[in-house]
Amino acid sequence: GAAPLAPPEPPAMSEGRRLMEQAARAQAEGRQVEARALLNRVLLDGRIPANERGAVRQQITALNESLVFGTAVGKGDPFCDVYTVASGDSLVSIRAKQSLPIDWRLLQRINKVNPNALRVGQKLKLVRVPFHAVVRKSEYRLDLYMGDPPTPTSTSAGPDGQDPSWTFVRSFPVGLGEGNGTPEGTFVVRPRSKLVNPHWVNPRTGERFGADDPKNPIGEYWIGLEGADEASKKFTSYGLHGTIDPSSIGASKSMGCVRMGADDIALMFEVLAERVSTVRIVR
């Protein structure tokens, strides 16, 4: 008799596969920006199973190694462009003059330049659009995105808590608060809260740690958060920071803050902007 027919694919899978095939074609033809946009659409479909979503995130991460963190600007990239260094420019002054929503150290990172050796006429890649983060507590994962800040009335969110207008950049493992102590809600990076090599006082014991103390539990960077709406305004003194205990990443051991590895928090310090970058913490 005839071979049995394979069961039809669920609509989400066939639509997701179509987008992934289109993305593979675009990538093969050198249209990296288009490939990223197509894969990002797959991530916005909550019907795609978790393992496939993880694979798509890895594909976009690989694209962003060059599109975001490489020296070249992708053709048609809505987030980055090229700037020509003028007399008297520094990375700090370029960031201010161009109103870039990033730290000047990100310009140093992506252009692979010595900040003290800029040349007039040199071409630099600039990032024009802010970064945002979504912390997925159930997966001990922080997802980084690029896009405009969400409007205050924007309540719609993608399956990972992202604003539907955002583009995925890459993921990082995080540590969270013991006893489900990391608050959920929508936050922004608090003004004047980004600190390099901060001192810290343990709120429970009053024990003080100096900036250069190797026992300082919060590591080299602190990024403070403040509530962006009525529900989250009650949560104060929370933030993202490093750790001197790498084994706490992927576990619930902090007093409620989000912990990251040393290299990861250094990058977050460069990409998250005060008053501009949204940080959503979701279940």
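Biologist: Which strands does helix 6 lie across?

Modeller: Helices (H or I, at least four residues) and strands (E, at least two) are DSSP runs, numbered from the N terminus. Helix 6, residues 262–271, lies across strands 3, 4 and 5, and also across strand 7 (185–196), strand 10 (221–227) and strand 11 (239–241). Contact means heavy atoms within 4.5 Å. The helix runs at about 55° to strand 10; axes are lines fitted to C-alpha atoms, for helices over the stretch in contact, and angles run from 0 to 180 degrees between N-to-C directions. This is a predicted model, where local features need pLDDT of at least 70 and side-chain atom pairs count only at pLDDT 80 or more, while totals for chains, interfaces and linings use all residues. Residues are numbered from 1 along each chain as its sequence is written, and side-chain values use heavy atoms, with hydrogens and water left out.

Biologist: How many of the residues of helix 6 are buried?

Modeller: Buried means under 20% relative accessible area, exposed over 50%, and partly exposed in between (1.4 Å probe, protein chains only). Eight of the ten residues in helix 6 are buried, so the helix is largely enclosed by the rest of the structure. Among them are Asp-264, Leu-267, Phe-269 and Glu-270. Phe-269 also has a charge over its ring: the charged end of Lys-194 is 4.7 Å from the ring centre. The rule for this is NZ of Lys or CZ of Arg within 6 Å of the ring centre and within 35 degrees of the ring normal.

Biologist: What is the order of the strands in the open sheet?

Modeller: Strands of a sheet pair through backbone hydrogen bonds, either parallel or antiparallel. Two strands count as paired if DSSP finds at least two bridges between them. Here eight strands form an open sheet in the order 5-4-3-14-7-10-11-13, and the pairing is mixed. Strand 5 (167–173) and strand 13 (258–259) are at the edges with a single partner strand each, so one side of each has no neighbour in the sheet. Strand 3 (residues 131–136) and strand 4 (residues 141–146) run antiparallel and are joined by six bridges.

Biologist: How many aromatic pairs does the whole structure have?

Modeller: Rings of Phe, Tyr and Trp (its six-membered ring) pair if their centres lie within 6.5 Å; planes under 30 degrees apart count as stacked, over 60 as edge-to-face and the rest as tilted. The search finds six pairs. One of them, Tyr-145 with Phe-168, is edge-to-face, at 5.7 Å centre to centre and 75° between the planes. Tyr-145 belongs to strand 4 and Phe-168 to strand 5, so this pair ties together parts 23 residues apart in sequence. Both residues are buried. Trp-200 and Phe-209 are stacked, with 5.9 Å between centres and 25° between planes.

Biologist: How many salt bridges does the structure hold?

Modeller: A salt bridge is a side-chain nitrogen of Lys or Arg within 4 Å of a carboxyl oxygen of Asp or Glu. The structure holds 20. Asp-89 and Lys-97 form one, with the closest N and O atoms 2.7 Å apart. Asp-89 counts as buried at 13% relative accessibility, whereas Lys-97 is partly exposed at 48%. Arg-31 takes part in two of the bridges: with Glu-29 (2.3 Å, N to O) and with Glu-34 (2.6 Å, N to O).
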